[in-house]
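Dear colleague,

My notes on the ligand site and on one helix pair follow it.

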Amino acid sequence: MLDRVPMHASYDSQRERLRDYFDRTASETWARLTSDAPVSRIRATVRAGRDRMRATLLDWLPEDLGGQTLLDAGCGTGALSIEAARRGARVVAVDIAPSLVSVARDRTPGDIADRITWHAGDMLDPALGVFDHVVAMDSLIHYRASDMVGAASRLASRAGGTVAFTFAPRTPLLTVMHAAGQFFPRADRSPAIQPVGLRDLSARLSGTEALDGWWQRRDTRIESGFYISHALELARP
Ligand SMILES: C[S@@+](CC[C@H](N)C(=O)[O-])C[C@H]1O[C@@H](n2cnc3c(N)ncnc32)[C@H](O)[C@@H]1O
């Protein structure tokens with residue numbers, strides 16, 4: 001099944017750019033954004049939106065996660081993994097940026113530490129195993145649509161129950177922000193997010209043979225100031 005979903009060189013090159021960015025340039029910013037430390041008003045709206053998104057994705061999982069396995073694909077500093085582990089899940093949390101994985105490990109409460117395995121590496125590595133649930137919160141938003149769909153398909157091939165991921169919806173504000181980003185000097189720029197329309201994404205997923213047997217069960221958009229993200233859940237009937 002894995003071989004039926006070839007990933008393109010564009011996935012590998014973007015992953016390497018993201019590793020550089022999240023591991024070095026943005027590492028401290030991410031650690032701060034994902035903590036309780038004070039942040040600017042704009043970042044506070046992003047933090048609030050991200051909190052709502054994480055709560056939504058966690059709500060989509062069964063209330064009792066005891067005995068279930070979860071892959072947190074692109075776990076960042078680990079907030080979602082820690083919440084899922086608190087609800088009983090056995091979690092494998094992977095991120096391409098080793099410095100963020102190390103922050104996540106340091107933040108793990110001792111009483112649930114044995115329920116989370118932290119990894120620095122590619123979320124698509126088959127060696128990570130198979131899972132009941134896979135969640136990729138805001139970790140595919142920088143990949144072009146075809147790579148996002150390829151990644152979702154690969155993740156699905158390792159999931160027994162659900163795969164939930166978020167994407168940046170194509171909205172007028174995001175289009176303007178995307179265009180404005182091109183005027184900043186290259187060194188200051190975060191890797192651009194790659195907006196995609198829900199209808200376009202949905203059609204691409206429906207047309208992907210490797211996702212036969214999966215359906216798009218639900219989706220929701222979260223908007224909070226400068227944070228706009230749309231979650232989509234794939235499930236097996
Ligand atoms: C916007 S952050 C979100 C982090 C976390 N999911 C959260 O919501 O707090 C995106 C994360 O995805 C990670 N990432 C991107 N591509 C990845 C890949 N191919 N494999 C593993 N992690 C990846 C980045 O290193 C970064 O930490």
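**Ligand site and helix packing**

Met137 places a backbone N or O atom 2.8 Å from a nitrogen atom of the ligand. Please note that this is a predicted model, and that the distances and areas reported here are computed from it.

In Gly74, a backbone N or O atom lies 2.6 Å from a ligand nitrogen atom. In Met123, a polar backbone atom is 2.9 Å from a nitrogen atom of the ligand. Taken alone, the ligand exposes 590 Å², of which the protein buries 97%.

The ligand is surrounded by 20 residues, and the closest are Arg50, Gly74, Asp95, Met137 and Tyr143. By class, this shell comprises eleven nonpolar, four polar and five charged residues. Helix H1 gives the most to the shell, contributing four residues.

Helix H1 also takes part in a helix pair. H1 (residues 9–25) packs with H5 (residues 98–107) at an angle of about 50 degrees, and their axes are 7 Å apart. On the H1 side, the contact is made by Arg19, Phe22 and Asp23, and on the H5 side by Pro98, Ser99 and Leu100. Sorted by class, the contact of H1 with H5 has three nonpolar, one polar and two charged residues.

With kind regards

Methods
Residues numbered from 1 in each chain as written. Predicted model: local features only at pLDDT ≥ 70, side-chain atom pairs only at ≥ 80, totals over all residues. Heavy atoms only, no water. Axes fitted to C-alpha atoms, helices over the stretch in contact; angles between N-to-C directions. Helix = DSSP H or I, 4+ residues; strand = E, 2+ residues; numbered from the N terminus. Contact = heavy atoms within 4.5 Å. Nonpolar A, V, L, I, M, F, W, Y, C, P; charged D, E, K, R; others polar. Near = heavy atom within 4 Å. Polar contact = N/O pair within 3.5 Å; in protein donor to acceptor, adjacent residues only side chain to side chain. Areas by Shrake-Rupley, 256 points an atom, 1.4 Å probe, with all protein chains shown as cover.
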